[in-house]
Amino acid sequence: MNVVTIALESLAATTALGAAIGTSLHPGDRVLLSGDLGSGKTTLARAIGVALHAEPELTSPTFIYVAEHRGDLPIWHVDAYRLPVGTDALRAGVIDERQEQGVTLIEWPEHLGGLDGEEPGTLRVLLAAVEPDGARSATISGARPGLRAVLATTFGLSEGDRG
Ligand SMILES: Nc1ncnc2c1ncn2[C@@H]1O[C@H](COP(=O)(O)OP(=O)(O)OP(=O)(O)O)[C@@H](O)[C@H]1O
Ligand SMILES: [Mg+2]
């Protein structure tokens with residue numbers, strides 16, 4: 001288990017985190033994006049999409065539960081906010097076997113049942129607002145060594161910052 005918390009002082013830092021995550025993803029990977037309303041989940045998902053050259057650009061899929069995008073890898077962007085807590089992800093059609101070919105970004109994963117957050121290839125990001133209109137923090141678990149190394153370089157983590 002590896003956990004690191006980084007400070008996202010600005011939107012630019014969130015974009016940099018998205019780039020680091022996006023370029024680290026492999027086919028079949030899932031990114032679980034957690035955090036309160038407005039904490040920056042969609043902002044980070046969009047930045048991951050930019051890194052993967054997503055077409056069309058990721059937006060907030062508020063009235064649909066899953067949107068599919070082309071890119072360096074196929075990208076599925078799920079927003080489970082409006083699904084009742086405990087909804088079975090597979091039955092609801094927000095996860096399926098095609099996603100083995102690409103990456104799946106899931107906002108509000110805690111509304112879904114049948115998702116194993118500990119699975120290899122699952123990255124968990126918990127966003128929190130430090131200030132309403134600015135700084136955020138991101139607590140990241142399940143990162144592969146390559147992503148951890150990039151985060152250490154980009155965000156200047158020292159060994160002591162790592163969980
Ligand atoms: N450092 C930051 N990182 C991310 N977003 C930031 C930051 N600073 C300000 N913001 C702003 O916070 C808002 C975050 O909204 P966003 O839609 O990404 O949140 P969300 O977690 O997806 O919300 P929801 O739960 O409603 O889907 C955006 O307007 C964004 O511009
Ligand atoms: Mg959102």
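**Entry 1. Overall build**

I started with burial: 36% of the 163 residues of the protein count as buried. I note at the outset that this is a predicted model.

Next I looked up the secondary structure. I find three helices and nine strands in the protein. Along the sequence I read the pattern β-α-β-α-β-β-β-β-β-β-β-α.

Then I took the overall dimensions. Along the principal axes, the C-alpha atoms fill a box of roughly 45 × 30 × 30 Å. I compared the radius of gyration with the globule rule. A compact globule of 163 residues would have a value near 15 Å, and the protein has 15 Å, so the two agree.

I also looked up contact range. Among contacts with a separation of 6 or more, 68% join residues 24 or more positions apart.

**Entry 2. The nonpolar core**

I turned to the largest nonpolar core, which holds 37 residues. Val 31, Leu 33, Leu 44, Ile 48, Leu 105 and Val 125 touch the most other members. I then listed the elements that give two or more residues to this core. They are strands S1 (3-8), S2 (30-34), S4 (75-79), S6 (103-107), S8 (122-129) and S9 (136-141), together with helices H1 and H2. The largest share is from H2, with four residues.

Which residues is Val 31 in contact with, leaving aside neighbours within four places in sequence? I find Ile 21, Ile 48, Val 103, Leu 105, Ile 106, Leu 123 and Val 125. Of these partners, Ile 48, Leu 105 and Val 125 are also on the list of residues that touch the most other core members.

**Entry 3. Around ligand 1**

I moved to ligand 1 and found 18 residues around it. Thr 14, Gly 40, Lys 41, Thr 42 and Thr 43 come nearest. Two elements give two or more residues to this shell: helix H1 (11-24) and helix H2 (41-51). H1 and H2 also each give two or more residues to the core.

**Entry 4. Thr 42**

I followed one of the nearest residues, Thr 42. Thr 42 lies in helix H2. Is Thr 42 buried or partly exposed? It has 19 C-beta neighbours inside 10 Å, and therefore counts as partly exposed; burial needs 20 or more.

I checked its partners beyond four places in sequence: Thr 42 touches Ser 60 and Glu 107. Last, I looked up Asp 79. Thr 42 and Asp 79 are 37 residues apart in sequence. In space, their C-alpha atoms are 8.9 Å apart.

Definitions and conventions
Residues are numbered from 1 along each chain as its sequence is written. Chains are lettered from A and ligands numbered from 1 in the order in which they are written. This is a predicted model: local features need pLDDT of at least 70, side-chain atom pairs count only at pLDDT 80 or more; totals for chains, interfaces and linings use all residues. A residue is near a molecule or strand if its C-beta atom, placed from the backbone, lies within 6 Å of it. A residue is buried if 20 or more other C-beta atoms lie within 10 Å of its own, exposed if 12 or fewer, and partly exposed in between; C-beta atoms are placed from the backbone. Two residues are in contact if their C-beta atoms, placed from the backbone, lie within 7 Å. The radius of gyration is taken over C-alpha atoms; the globule rule is 2.2 Å times the number of residues to the power 0.38. A nonpolar core is a set of buried Ala, Val, Leu, Ile, Met, Phe, Trp, Tyr and Cys residues joined through C-beta atoms within 7 Å.
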